[in-house]
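Please have the sequence and the 3D view open as you read.

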Amino acid sequence: MNPLVLTILLTGLGLGTTITFMSSHWLLAWMGLEINTLAIIPLMIHHHHPRAVEATTKYFLAQATAAATILFASMTNAWITGEWGIQHMTHPLPTTLTILALALKIGLAPLHSWLPEVLQGLDYTTGLILSTWQKLAPFALLLQILPTSSDLLILLGLLSTLIAGWAGLNQTQLRKILAYSSIAHLGWMTLVLQFSPPLALLTLLFYLIMTSSAFMMFKLNNTTNVNTLATSWTKTPVVAALSPLILLSLGGLPPLSGFAPKWLILSELTNQQMGTLATIAALSALLSLYFYLRLSYAMTLTMFPHSPLTPTSWRFTTPHLTLPLSISATATIFLLPLTPAAVSLITP
C-alpha cells in the first residue's frame, strides 16, 4: 500500500477513536465510530483476495447494523427525555438498545458470530488492529452509559466467557482461536464493568498487551493453523521457547500476568455477593486454558515431519521487525509483580 494512503488511513483510525473519546453528544460519538469503521475497511481489503473481500463485507454489514441501532437508540432517547448527551441515557429502552449495539460492535456473545469469520479472512496486522484498537471506542461508550445495575451486562459477559471457551476447543485455525480469545476476555471485562470500571480498564490494558504479543508472535512465524506451529522451533527458537509463557498468560495461569486481572475480577464479584457467577466464570476460564495449552504443546513439544533431503525454506532470516514483539512479550511475562502498584493507582 502507498505510504501516503496508509498514513491517511491510520490517521483516520486515530481521529475516529479520539472523536468518540472526547464527545459527550451522541451524534459526535456516532460520527467517530463511523470514521473508525470507514478507515479500517481499506486496510482490510487491500490484499484483493476473495477471503479478504468476504471478511470486509461481513465486517461492514455488522458495523453498519450496530451504527444504525446506536443512532436509532440515541434518537429514541432524545424523543423520550429531550437529551442528546451520552450520560443522559436514563430510559431503559434506548439504554438496552445501545448496550446491544455496542456489544455487536465489539463482538460480545451472542452477537459474536461475525468476529471469527472476519478475522479468518484478514492478515495478522489488520487482525491485530481489529482486535485491539477497534475495541477502544465502543468500550469507552459502554463506560459512559453505564447503568447502576444491569443484568444485561452480566448476561452478555457470562455468555461471552462460556461460548468463547466452548467454541475455541475444536478450532484449528489460529485467527479463529484468537477471535474467541478476544470474545472471552471482553466477557471478563463486561462482567466487572458496572461494579469496578477502573478494574475493567486494567483488564483491558492487560488484554491489549497480551493479544498484541500473540498476534505478532504468529505473524513472525507465518503460521495460520495449529499444524504449522510445529515448524516454529526451526524458524525462531527463542520465540518458540517464550510462546508458552505468552499463551498461558492469555489463559490466566499463575504466576503469569494474565492471572492478575482474572483474580481481581473474581475477588470483586465475590465482594458483590456473586459467588455463583464468580464460580461459573472461573470454570469457563478452564475451557480457554485448554486451547492455549494445546497451542503451547503444538508449538514447543512437537516436531514437524520432514526429510533432511528436502530444502527447509523456513530457515531463512525473517524480514519482520521484532522490537514491538520483544517489548510486548516482556510486558506479558513480567507484568504480574507490578499489579499491586496498578491496583493502588485505580483504587480510590
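## Two cis prolines

Let's begin with Pro 255, which sits in the loop between helix H12 (237–251) and helix H13 (259–271). Helices here are DSSP runs of H or I with at least four residues, strands are runs of E with at least two, and numbering starts from the N terminus. The peptide bond that joins Pro 254 to Pro 255 is cis, with omega at about 5°. A cis bond also links Ala 109 and Pro 110, where omega is about 5°. Pro 110 belongs to the loop between helix H4 (92–106) and helix H5 (114–120). For background, most peptide bonds are trans, and most residues other than glycine have a negative phi.

A word on where these values come from: this is a predicted model, in which local features need pLDDT of at least 70 and side-chain atom pairs count only at pLDDT 80 or more, while totals for chains, interfaces and linings use all residues. Residues are numbered from 1 along each chain as its sequence is written, and side-chain values use heavy atoms, with hydrogens and water left out.

Is His 112 buried or exposed? His 112 has a relative accessible area of 12%, so it counts as buried. The cut-offs are under 20% relative accessible area for buried and over 50% for exposed, with partly exposed in between (1.4 Å probe, protein chains only).

Which residues does His 112 touch, not counting those up to four places away in sequence? They are Gly 107, Ile 163, Tyr 180 and Ile 183. Contact means heavy atoms within 4.5 Å.

## Positive phi in two loops

His 48 has a phi near 60°, a positive value in a residue other than glycine. You will find His 48 in the loop between helix H2 (26–45) and helix H3 (50–81), and its relative accessibility of 66% makes it exposed.

Asn 222 likewise has a positive phi, near 55°, and is not a glycine. Its loop runs between helix H10 (197–221) and helix H11 (232–235). With 62% relative accessibility, Asn 222 counts as exposed.

## How H8 meets H14

Two packed helices are described by the angle between their axes and the distance between the axes. For helix H8 (residues 151–167) and helix H14 (residues 275–300), the angle is about 30° and the axes are 7 Å apart. H8 is therefore roughly parallel to H14. Axes are lines fitted to C-alpha atoms, for helices over the stretch in contact, and angles run from 0 to 180 degrees between N-to-C directions; under 35 degrees counts as roughly parallel, over 145 as roughly antiparallel, 65 to 115 as roughly perpendicular and the rest as oblique.

On the H8 side, the contact includes Ile 154, Leu 158, Thr 161 and Leu 162; on the H14 side, Leu 277, Ile 280, Ser 284 and Phe 291 are among the residues involved. The contact residues comprise nine nonpolar, four polar and no charged. Ala, Val, Leu, Ile, Met, Phe, Trp, Tyr, Cys and Pro count as nonpolar, Asp, Glu, Lys and Arg as charged, and the others, Gly among them, as polar.

Ser 284, in helix H14, is buried, with a relative accessible area of 1%. Leaving aside neighbours within four places in sequence, Ser 284 is in contact with Thr 161, Leu 162 and Trp 188.

Leu 301 lies in the loop between H14 and helix H15 (323–334) and counts as exposed, at 61% relative accessibility.
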